[in-house]
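Please open the structure in the viewer and keep the selection tool at hand.

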Amino acid sequence: PDNHTNWAELFDFLAHKTQELAKEGEPAREVWAENDAEAPEFLLEPIIYKNQSNIIYGEKGVSKSTMAYAMGMCMALPWHNNPLEFAVPNKPTVSLVLDWETDEKTFAYYLSRLKRGMNCPRVGMYYRHCRLPLMEELEEIERYISDVKADLLIIDSIAMAAGGETGELKGSQSALSFNTALRKLKRTSLCIGQTSKDISSPRKTIFGSAMFTYYAR
């Protein structure tokens with residue numbers, strides 16, 4: 001009270017400066033072609049690229065979610081001698097499962113089956129059931145990521161996370177919004193996708209806009 005600070009003016013300045021910095025984005029850097037450039041790093045080889053959006057997709061019943069959870073368990077320990085022969089990181093990797101499809105009880109059942117089937121040591125993963133599209137829950141999810149210090153986001157599945165109930169997945173907007181949200185979260189992600197309904201096509205693609213494929217590894 002003795003320094004007579006003009007708080008309204010101070011907060012106006014902070015708001016303006018924050019917006020100014022946000023609009024600037026990343027700085028431009030000069031990149032040189034070198035003989036010994038470092039290859040993109042895997043978080044889990046040969047499937048999950050670190051700091052990238054990764055998608056596995058397939059028809060219903062091919063165990064996409066089960067495979068994703070098994071990967072998370074192998075990385076959490078880390079379990080170098082895992083029966084799936086994944087090359088896991090040298091330190092424990094914290095996974096946060098963002099689930100739009102089932103519930104916590106079902107998720108716990110999946111983990112218990114995997115533990116018994118793979119003869120895996122006791123391991124835990126973080127879980128959050130989601131109801132709204134990823135972009136609409138962004139702030140809450142950011143808070144959970146910070147709280148648990150998550151390294152990897154497992155998103156099950158793209159259709160609901162991108163707004164399957166409220167948006168048209170075949171249009172580009174839902175895919176662009178979904179990938180914008182992923183970039184804001186700044187974490188490696190493993191997303192689970194469904195396939196298109198075209199049974200005559202020899203090459204299956206992710207259901208929805210082609211932009212889902214273009215933005216992911």
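A nonpolar core is a set of buried Ala, Val, Leu, Ile, Met, Phe, Trp, Tyr and Cys residues joined through side-chain atoms within 4.5 Å, where buried means under 20% relative accessible area, computed with a 1.4 Å probe on protein chains only. The model is predicted: local features need pLDDT of at least 70, side-chain atom pairs count only at pLDDT 80 or more, and totals for chains, interfaces and linings use all residues. Residues are numbered from 1 along each chain as its sequence is written, and side-chain values use heavy atoms, with hydrogens and water left out.

Select Ile48, Tyr69 and Met75. Within the largest nonpolar core, which has 26 residues, these three touch the most other members. Helix H2 (64–76) gives the most to this core, with seven residues; helices are DSSP runs of H or I with at least four residues, and strands are runs of E with at least two, numbered from the N terminus.

Next, centre the view on Met75. Not counting residues up to four places away in sequence, Met75 touches residues including Leu43, Ile48, Val88 and Leu152; contact means heavy atoms within 4.5 Å.

Now select Cys130, Ala162, Ile206 and Phe212. They belong to a second, separate core of 25 residues.

Finally, select Lys60, Gly61, Lys64, Ser65 and Glu101. Among the 14 residues that line the largest pocket, these lie nearest its centre. A pocket is an open set of points on a 1 Å grid over the protein atoms alone, with protein on both sides within 12 Å along at least five of seven lines, and lining residues have an atom within 4 Å of a point. H2 returns here, giving the most to this lining with four residues.

Terms used. On a 1 Å grid over the protein atoms alone, a cavity is a set of points where a 1.4 Å probe fits but cannot get out, and a pocket is an open set with protein on both sides within 12 Å along at least five of seven lines; lining residues have an atom within 4 Å of a point. Buried means under 20% relative accessible area, exposed over 50%, partly exposed in between (1.4 Å probe, protein chains only).
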